[in-house]
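Good morning. I will go through one structure today, starting with a ligand shell and ending with the cores. Please have a look at it first.

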Amino acid sequence: MPKDVLVIGGGVSGIQASLDLADMGLKVHLVEKLPSIGGRMAQLDKTFPTNDCSICILAPKMADCFGHENINTLTFSEVREVSGREGDFKVRVVKKARGVDETLCTGCGECIEKCPVKVPDEFNMGLSERKAIYLYFLQAVPRIATIDRDNCLMITKGKCGICKKVCQRGAVDYDQKDKEITLQVGAIIVAVGFDPYDPRNTSQYGYGRCKNVITALEYERLICASGPTGGHLVRPSDHKEANKIGYVQCVGSRDVRKNPYCSSVCCMHSTKEAILAQEHNPGVECFVFYTDIRAPGKDFQRYIKRGMAEYGVIYIRGRVAEIIQDEDENPVILYENTETDKVEHMKLDLVVLATSLVPRHGINEFANLLGVDLDNFGFIKTDPFNTVITTREGIFACGYCQSPQDIPESVAQASGAAEKAAEICFR
Ligand SMILES: Cc1cc2nc3c(=O)[nH]c(=O)nc-3n(C[C@H](O)[C@H](O)[C@H](O)COP(=O)(O)OP(=O)(O)OC[C@H]3O[C@@H](n4cnc5c(N)ncnc54)[C@H](O)[C@@H]3O)c2cc1C
Ligand code: SF4
Ligand code: SF4
């Protein structure tokens with residue numbers, strides 16, 4: 001009998017690896033720590049260089065993955081222990097209590113509507129609120145409600161119980177306990193992706209101090225039709241339309257004091273975000289403040305040129321020295337224009353920081369648990385000539401957790417990792 005495979009991380013790369021393996025006839029256990037699969041791609045509005053709707057591409061893949069007879073999708077779950085060796089790993093997984101019975105909940109949302117508690121919505125990067133019982137996002141897969149145990153009044157104070165009363169399926173279960181599952185697998189694929197760098201750690205960019213300075217991931221949610229403003233490009237401070245926007249590159253990246261590496265996708269995503277601003281609000285002025293443009297992919301340079309020629313995006317070469325805000329809460333960028341050799345400043349309505357993308361928080365403990373090494377930057381170390389092979393036999397890596405890369409690269413690498421895992425499991 002072929003052996004099973006464990007895939008850790010249900011972003012686009014984990015989903016692709018799972019689908020490839022499942023289509024080969026192997027049984028896959030896909031472990032995702034959040035209540036839904038989808039990863040960061042689910043948070044994006046459109047994708048460069050085609051400007052296709054991100055969730056429109058991803059949602060069918062998520063549905064195929066969850067519905068595949070060979071894929072056991074374990075959401076809201078974490079790997080706690082890995083023992084054994086290539087061909088014969090034993091893995092302990094904890095499936096956290098959702099407070100909702102997955103076999104009964106239909107995702108109808110009755111409970112969500114009636115819940116009185118509101119907290120910041122992490123999927124929308126805190127730009128909107130969600131309830132204490134919630135769907136992780138509109139197109140979540142699986143479509144099952146989850147109780148946030150830290151904020152539910154019933155769990156923290158023993159009062160409320162509204163969601164249990166209104167759920168006609170009897171799905172709410174406050175006493176549900178975490179469940180331990182033991183898996184026996186031949187190979188493991190790690191696809192845990194990235195976290196955004198916290199720009200508060202580079203204080204000159206004004207994030208947290210200037211109300212209309214946001215991160216690129218926040219902007220992706222803001223401009224998305226299913227996002228917190230219904231896609232209206234407005235400033236957080238006063239909800240006025242943003243008509244002059246600055247996109248600041250390399251925030252925390254290519255900085256020897258922070259993350260010396262290039263995050264690889266930011267020159268492209270900032271161009272995309274400026275193009276999208278024009279599509280939403282023709283006439284908006286967009287300025288990209290860059291170190292140098294890195295657009296090495298297929299059609300990427302043409303995309304930048306299109307941004308300039310068709311959408312009037314203006315690129316200013318110069319690293320930003322400081323961002324302050326004036327008395328009307330307009331961000332003002334101070335920068336050295338390295339093409340004119342002048343120190344200049346510009347007042348804007350909104351500033352978007354292309355923050356560095358960094359290894360997942362807790363990656364050191366996670367790598368120890370798996371028994372794999374990390375590289376100097378904290379990404380999972382792999383063979384330079386076969387970039388899916390980690391330092392432990394039988395464990396492979398793909399996607400952004402292996403090195404900075406965009407969606408097409410992550411998907412291609414996921415298929416490579418799936419091939420390698422399959423070689424072991426069919427042996
Ligand atoms: C602002 C912005 C815009 C972008 N725009 C584009 C674009 O237009 N086009 C493009 O090609 N790329 C774009 N990218 C890059 C793109 O987001 C990544 O290439 C892609 O998300 C990588 O996918 P991944 O599956 O490797 O990682 P992720 O999407 O990060 O998915 C990893 C998954 O693993 C889960 N996970 C993490 N830790 C664990 C754990 N311990 N156990 C279980 N599960 C875990 C996470 O919850 C997540 O679901 C953009 C990135 C940003 C920040
Ligand atoms: S818990 Fe019940 S009320 Fe809430 S979404 Fe699920 S089925 Fe609907
Ligand atoms: S019991 Fe908790 S989750 Fe349910 S409605 Fe009350 S506060 Fe919300």
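Let me begin with ligand 3: the residues of its shell divide into eleven nonpolar, one polar and no charged. Here Ala, Val, Leu, Ile, Met, Phe, Trp, Tyr, Cys and Pro count as nonpolar, Asp, Glu, Lys and Arg as charged, and the others, Gly among them, as polar. The shell includes C115, C152, C160 and C163, and also V117, I147 and G161. A residue is near a molecule if its C-beta atom, placed from the backbone, lies within 6 Å of it.

Some words on the source. This is a predicted model, where local features need pLDDT of at least 70, side-chain atom pairs count only at pLDDT 80 or more, and totals for chains, interfaces and linings use all residues. Residues are numbered from 1 along each chain as its sequence is written, while chains are lettered from A and ligands numbered from 1 in the order in which they are written.

Ligand 2 has 14 residues around it, and the closest are C105, C108, E110, C111 and C167. By class, that shell has nine nonpolar, three polar and two charged residues.

Now the whole chain. There are ten helices and 24 strands; these are DSSP runs, numbered from the N terminus, with helices being H or I of at least four residues and strands E of at least two. What radius of gyration would a compact globule with 427 residues have? The value would be near 22 Å, and the chain has 23 Å, which agrees. The radius is taken over C-alpha atoms, and the globule rule is 2.2 Å times the number of residues to the power 0.38. Along its principal axes the C-alpha trace spans about 65 × 55 × 35 Å.

The chain is divided into domain 1 (5-96 + 178-193 + 360-425), domain 2 (110-166) and domain 3 (199-356), with bounds that come from an automatic or database domain assignment. The C-alpha centres of domain 2 and domain 3 lie 33 Å apart. Their contact takes five residues from domain 2 and seven residues from domain 3, where contact is defined as C-beta atoms, placed from the backbone, within 7 Å.

Next, burial. Of the 427 residues, 48% count as buried. Buried means that 20 or more other C-beta atoms lie within 10 Å of the residue's own; exposed means 12 or fewer, and partly exposed is in between, with C-beta atoms placed from the backbone. Helix α6 (residues 216-223) is mostly covered, with eight of its eight residues buried. Those residues pack against β14 (194-196), β15 (213-215), α7 (266-280) and β22 (350-355).

T73, in strand β5 (residues 71-74), is another case. Is T73 buried or exposed? T73 is buried, because 23 other C-beta atoms lie within 10 Å.

Last, the cores. A nonpolar core is a set of buried Ala, Val, Leu, Ile, Met, Phe, Trp, Tyr and Cys residues joined through C-beta atoms within 7 Å. The largest has 87 residues, and V5, I189, V190, A191, A417 and A421 have the most contacts inside it. Helix α10 (residues 407-425) gives the largest share, nine residues. Why does this core lie between domain 1 and domain 2? Both domains give residues to it, so it lies between them. A second, separate core of 47 residues includes M125, V213, F287 and Y315.

Key
Contact = placed C-beta atoms within 7 Å.
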